[in-house]
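Hi there,

Here is the structure I promised to send over. Have a look, and then read on for what I found in it.

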Amino acid sequence: MKRSLVLAGGGMRVAWQAGVMKALAEEGLEFQHVDGTSGGILTAGMLLSGVPPEELCTRWSGVDVKDFGSALPTGDYLKGPWSLPAIGDADGILNKVFPALGINDATIRARAAEPDAVEGSFNVVEFTGKQCHAIDATAIDAQLMAAGMSLPIFLAPLRRDGQVWTDAVWVRDANVAEALRRGADEVWLIWCIGNSPYWGDGPLEQYVHMIEMSAMGALLADFEAAKAAGREFVLHVVRPEHPLPLDPEFYLGRIDADTLVGMGYRDARNYLATMDPAGLPKDSTCTAMTEPAPGVRFNDTLRGELDGSSLTFRAAVVLPSVRGHAAPQLTGYLEHARFGRAFLAEGQVETHGDDVSYRARIRLDGGWQDLSVTRTLRDDPGPDAWADSRRARIEVGGLAADLTMSLPDAAGLLASVEPVGAHGFVDRADAVAGFARNGFRELLRRY
């Protein structure tokens, strides 16, 4: 059986895909073909460069997202907005992002030429012919890979030998057809483009909606073409439950790579836990998402020591503003010298009296262990809310340790507070104001 990995686009948010790949690798899933489109080129490039799934996650932690944007020559900006080639160019991607992620085009070509190598393909549109080319890994180069991520308006295209190369997203955002052409019997589609009923106002949201429509239209066309040809295959799709934050939130620091990676691991684990070996229907429901309940997201970091080595617990928590609208969400990781970085699965937030617990499962030493991190929030008099809630106790795999929130980590928690499920300035401000009014303690106690 030939299995293809089809990595859809999603801009910088494809950091999420690193967490997905870690979960799939833990289950022993191997792929004979890897295909990347738009932002998915990054994940495909890392895998085909020989970066192991565990390292995908850590490499994203070291990426400066500001490097995705680099300035054009000054003269281009002097042309005025109506003659501007783009906001920036792909030099930052080529010279900083690719090296940080371990993407090397020469390595990709060399590995692709080896006997029994994993096949690879990268989708780039040649504008003159208005055609998407699935460029084989044996023929790809870094400039074409970067061109495949150069979204019009934001990044200038690649001009080479009288041709113009750019992002394929307006033609397709996931090339299932290429996977089938190469003989795939099973396709794993890793999808992080939004697909919810929500229609937003404003140019950014509607630009994204156009991408969503193009992406889904091409995907459905691939399904229809396969059906018309009588081409049978099993389809598996890993996707977020809710649309991921847009790239500007990542660029402005409202969400970070570690949080996105943790979300990807959670979403992959959720799919693996309930998947049908027969796969999913080949229609729009396979990528469908729902809008999250209004609330806030924040990062909670606690540190301690275990067996003489530092221990870090990092949680990304989503708390709905109104109880009952949805359950709190928990993603994140536990990091220690003994087991590296272990990501959370099946995360929950629970309360019992003054105790607030984060509960999850993590994979340690090849098996699953229950994890709990518990704080006792006492309503002591005086303005010492942070001091009251700084201490916690972690238990995992028969081990236990004390954890503490440092003042910088407490400041980081406050700085990370970001509304979710809220659109427009007023709704977003209300969500943050609710967190400010009630604070960490009271919001957690609701659950």
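Which hand does the crossing of H1 and H11 have? The crossing of H1 and H11 is right-handed (a crossing is right-handed if the near helix is turned clockwise from the far one by less than a right angle, and left-handed if anticlockwise).

Before the rest, some housekeeping. This is a predicted model, in which local features need pLDDT of at least 70 and side-chain atom pairs count only at pLDDT 80 or more, while totals for chains, interfaces and linings use all residues. Residues are numbered from 1 along each chain as its sequence is written, and side-chain values use heavy atoms, with hydrogens and water left out. The H and E labels are DSSP runs numbered from the N terminus: helices (H or I) have at least four residues and strands (E) at least two.

**H1 and H11**

Two packed helices are described by the angle between their axes and the distance between the axes. For H1 and H11, the axes come within 6 Å and cross at roughly 40 degrees (axes are lines fitted to C-alpha atoms, for helices over the stretch in contact, and angles run from 0 to 180 degrees between N-to-C directions). That makes H1 oblique to H11 (under 35 degrees is roughly parallel, over 145 roughly antiparallel, 65 to 115 roughly perpendicular, and the rest oblique). Residues making this contact include Trp16, Val20 and Leu24 of H1 and Leu260, Val261 and Tyr265 of H11 (contact means heavy atoms within 4.5 Å). By class, the contact has 13 nonpolar, 2 polar and 4 charged residues (Ala, Val, Leu, Ile, Met, Phe, Trp, Tyr, Cys and Pro count as nonpolar, Asp, Glu, Lys and Arg as charged, and the others, Gly among them, as polar).

Met21 sits in H1 and, at 4% relative accessibility, counts as buried (under 20% relative accessible area is buried, over 50% exposed, and in between partly exposed, with a 1.4 Å probe and protein chains only). Its C-alpha atom is separated by 7.7 Å from that of Tyr265, 244 residues apart along the chain. Leaving out residues up to four places away in sequence, Met21 touches Leu5, Leu7, Phe31, Thr43, Leu47, Pro53 and Leu56.

**H3 and its partners**

In H3, Leu56, Cys57 and Trp60 are buried. Seen down the axis of H3, these buried residues fall within an arc of 95 degrees, so they line one face of the helix (the arc is that of the directions from the helix axis to the C-beta atoms). Among the elements covering them are H1, H2, H5, H11 and strand E12.

The axes of H2 (residues 40-48) and H3 (residues 53-61) come within 11 Å and cross at roughly 125 degrees, which makes H2 oblique to H3. Leu42, Thr43, Met46 and Leu47 of H2 meet Leu56, Arg59 and Trp60 of H3 in this contact.

With H11, the axis of H3 comes within 8 Å and crosses at roughly 155 degrees, and H3 and H11 are therefore roughly antiparallel to each other. Here Cys57, Trp60 and Ser61 of H3 contact Ala257, Asp258 and Val261 of H11.

**A loop residue**

Finally, Asp173 lies in the loop between strand E6 (163-166) and helix H8 (176-181). At 1% relative accessibility, Asp173 counts as buried. Beyond its neighbours within four places in sequence, the contacts of Asp173 are Leu7, Ala8, Gly9, Thr37, Ser38, Ile193 and Ala215.

Best wishes
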